[in-house]
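Have a look at the structure first, then try each task before you read its solution.

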Amino acid sequence: MCAATSKTSKISTGSGGAVLEDVPHLTDWLPDLPTYANPLKHNPAYSAVRQYFVESTDVVAKDVVVNLNTAGDGIHFRRAGPRDKIYFRPEEVKACIVTCGGLCPGLNTVIREIVCGLWTQYGVREIYGIHGGYRGFYSRNTTDLTPKIVNDIHKRGGTVLGTSRGGHDTSKIVDSIQDRGINQVYIIGGDGTQKGANVIHEECKKRGLKVVVAGIPKTIDNDIEIIDKSFGFDTAVEEAQRAINAAHVEAESIQNGVGLVKLMGRYSGYIAMHATLASRDVDLCLIPEVPFYLDGPGGLKEFAKQRLRENGHMVIVVAEGAGQELIAETMGSLDKLSDASGNRLLLDVGLWLSQNLKDHFVKEFKEPLNLKYIDPTYMIRAIPSNASDNVYCTLLAHSAIHGAMAGYCGFTVGPVNNRHCYIPISRVTATQRQVNIADRMWARLLSSTNQPNFLRYNKYMQQLRKQNALKQALESEQHVTVANSNSDGNGNGRFKRVDEETPRMETGDRQYVPLDKGEASLLTTPVPGDPTQIHNHTAP
Ligand SMILES: Nc1ncnc2c1ncn2[C@@H]1O[C@H](COP(=O)(O)OP(=O)(O)OP(=O)(O)O)[C@@H](O)[C@H]1O
Ligand SMILES: O=P(O)(O)OC[C@H]1O[C@](O)(CO)[C@@H](O)[C@@H]1O
Ligand SMILES: [Mg+2]
């Protein structure tokens with residue numbers, strides 16, 4: 001086997017050509033650490049399991065669909081699970097657990113199973129809860145966690161430890177880890193949290209500490225790369241069905257009924273896509289990955305009109321991150337605001353869409369559109385995890401503690417092709433997973449909803465931007481309306497301000513040329529999707 005390591009990855013190639021993207025190990029910087037026999041050997045529950053311990057050569061293929069001729073030489077990750085040798089004596093372990101980022105069903109289950117797993121499988125007795133996310137390391141007291149304390153917590157939504165965004169101060173966090181004598185750090189959170197975990201791991205390594213950092217990926221948006229799926233996702237999709245059902249019942253009970261449901265999904269539309277596919281009542285699913293537009297051929301309004309004519313009602317599911325560029329453009333360029341972690345704060349696509357559709361249909365049908373807007377975004381993530389997510393959370397927690405006890409660190413644990421693995425953190429944070437619209441899953445959705453593909457989006461946006469630029473120019477007094485010979489025939493004409501070399505006419509100390517035909521026609525066309533009309537500046 002040949003090996004190569006860099007700051008972020010340890011790559012080696014097996015004799016069969018398989019490439020292992022390995023995770024760091026305590027012995028990378030503490031080569032002389034002693035090992036101990038895994039106490040699971042004598043655990044009555046586990047001793048009967050054949051081949052219970054994972055071999056150091058057990059790896060999991062990143063891709064299982066491969067080319068016959070190249071099969072076997074792809075990327076692999078280290079298989080998760082208990083090892084026969086461990087690097088911590090149970091009485092030496094001081095573990096801590098922290099939850100960061102947004103809520104997600106199953107957080108409490110993961111906390112519970114880390115505590116119970118460490119306690120019952122490895123005999124660990126010192127486990128601490130860090131409160132309020134990363135900042136809790138240096139600003140809050142810890143609490144003791146025991147199986148008794150966490151016994152019921154999986155039945156509750158949220159996280160008993162609390163969470164936060166922002167507040168990641170690496171050296172203060174590692175100082176706190178060092179001062180408290182903590183040597184196993186379990187960090188549960190999304191992509192931002194995992195990046196934070198990697199920095200903590202690197203700092204521990206730099207300081208030469210015997211500290212393992214284990215990341216457990218949490219994201220309701222399912223936007224973490226490499227792993228099959230994140231915990232809580234199925235629960236959220238299931239809960240979203242209730243909102244979609246309500247929207248459908250409301251919509252089909254009334255003339256021109258539209259049910260609009262907004263679901264979570266900042267950059268990735270997985271919840272919306274899966275909720276739509278599961279429901280079959282949805283006519284249109286809008287996700288961040290597929291930009292849409294409202295007006296004209298192939299636009300949303302045309303489609304809505306057609307569906308209402310055919311069915312009398314329709315249901316729209318929109319992911320919160322959909323249409324952000326369009327909204328910003330039609331509402332004028334707004335400042336991009338961020339939360340404490342630097343995540344972009346979103347414009348409310350649900351309200352915006354409701355208003356636009358209602359306004360349009362009043363004009364179009366001369367009767368109101370009966371639109372019911374349901375926003376269950378926080379309801380789908382604040383609930384406890386369902387049965388299958390609970391099992392999944394248990395496996396994640398157990399894989400994490402086995403890895404930590406075996407001295408692996410700087411890893412994110414998760415299933416790859418249904419097998420749990422230790423994945424280098426940097427590998428899962430390098431990119432954010434998004435719905436692949438060239439994939440069969442999106443095609444399945446399109447064939448179930450028969451919605452438009454909004455292929456003219458770029459053209460539409462070009463026109464919209466041009467209109468907005470002209471509108472801005474009008475508003476900033478860079479044009480004038482004057483009477484002259486290049487006018488509309490009534491002696492009136494519209495002009496824009498120009499550079500020195502452009503043919504021009506003089507009006508006082510400013511220089512102007514007439515707007516060309518295209519520009520002039522844009523000024524009299526309402527901005528697509530913008531309820532406010534542009535004023536016609538032509539002199540009466
Ligand atoms: N690049 C980074 N380096 C260090 N810490 C980070 C980084 N990005 C985010 N963090 C920290 O990680 C924590 C959680 O980040 P964030 O709020 O983005 O949520 P998340 O983990 O991505 O979860 P989600 O977005 O799914 O709710 C915050 O305390 C934040 O300060
Ligand atoms: O309002 P908060 O707590 O910042 O969370 C909102 C964000 O969190 C997420 O659920 C990710 O966890 C996104 O879908 C959403 O945009
Ligand atoms: Mg995130």
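**Exercise 1: the shell around ligand 1**

The shell around ligand 1 splits into one nonpolar, 11 polar and five charged residues (Ala, Val, Leu, Ile, Met, Phe, Trp, Tyr, Cys and Pro count as nonpolar, Asp, Glu, Lys and Arg as charged, and the others, Gly among them, as polar). Before we go on, some ground rules: this is a predicted model, where local features need pLDDT of at least 70, side-chain atom pairs count only at pLDDT 80 or more, and totals for chains, interfaces and linings use all residues. Residues are numbered from 1 along each chain as its sequence is written, chains are lettered from A and ligands numbered from 1 in the order in which they are written, and side-chain values use heavy atoms, with hydrogens and water left out.

Task: which residues are the closest to ligand 1, and which helix gives the most to its shell?

Step 1. Count the shell: 17 residues surround ligand 1 (near means that a heavy atom of the residue lies within 4 Å). The closest are Gly-102, Gly-166, Asp-191, Thr-193 and Ser-341.

Step 2. Look for the helix. Helix H5, residues 191-206, gives the most, with five residues (helices are DSSP runs of H or I, at least four residues, numbered from the N terminus).

**Exercise 2: polar contacts of ligand 1**

Task: find what lies 2.7 Å, 2.5 Å and 3.1 Å from oxygen atoms of ligand 1.

Step 1. Start with the backbone: a polar backbone atom of Gly-166 is 2.7 Å from a ligand 1 oxygen (a polar contact here is a pair of N or O atoms within 3.5 Å).

Step 2. Move on to side chains. Asp-191 puts a polar side-chain atom 2.5 Å from an oxygen atom of ligand 1, and for Lys-218 the distance is 3.1 Å.

Step 3. Now check the cover. Ligand 1 taken alone exposes 620 Å², and the protein buries 83% of that (areas come from the Shrake-Rupley method with a 1.4 Å probe).

**Exercise 3: ligand 2**

Task: which residues make polar contacts with oxygen atoms of ligand 2 at 2.9 Å, 2.8 Å and 2.7 Å?

Step 1. List the neighbours. Among them are Ile-220, Met-264, Glu-320 and Tyr-378. By class, this shell has three nonpolar, one polar and six charged residues.

Step 2. Pick out the contacts. An N or O atom in the side chain of Arg-165 is 2.9 Å from a ligand 2 oxygen. Asp-221 has a polar side-chain atom at 2.8 Å, and Arg-381 has one at 2.7 Å.

**Exercise 4: the largest pocket**

Task: what is the volume of the largest pocket, and what lines it?

Step 1. Get the volume: about 900 Å³. (On a 1 Å grid over the protein atoms alone, a pocket is an open set of points where a 1.4 Å probe fits, with protein on both sides within 12 Å along at least five of seven lines; lining residues have an atom within 4 Å of a point. The volume is the space filled by probe spheres set on the points.)

Step 2. Look at the lining. It has 39 residues, and Gly-102, Arg-165, Arg-266, Asp-339 and Asn-343 are the closest to the centre. H5 gives the most, with six residues.

Key:
A polar contact is a pair of N or O atoms within 3.5 Å; within protein, one must be able to donate a hydrogen and the other to accept it, and residues adjacent in sequence count only if both atoms are side-chain atoms. Helices (H or I, at least four residues) and strands (E, at least two) are DSSP runs, numbered from the N terminus.
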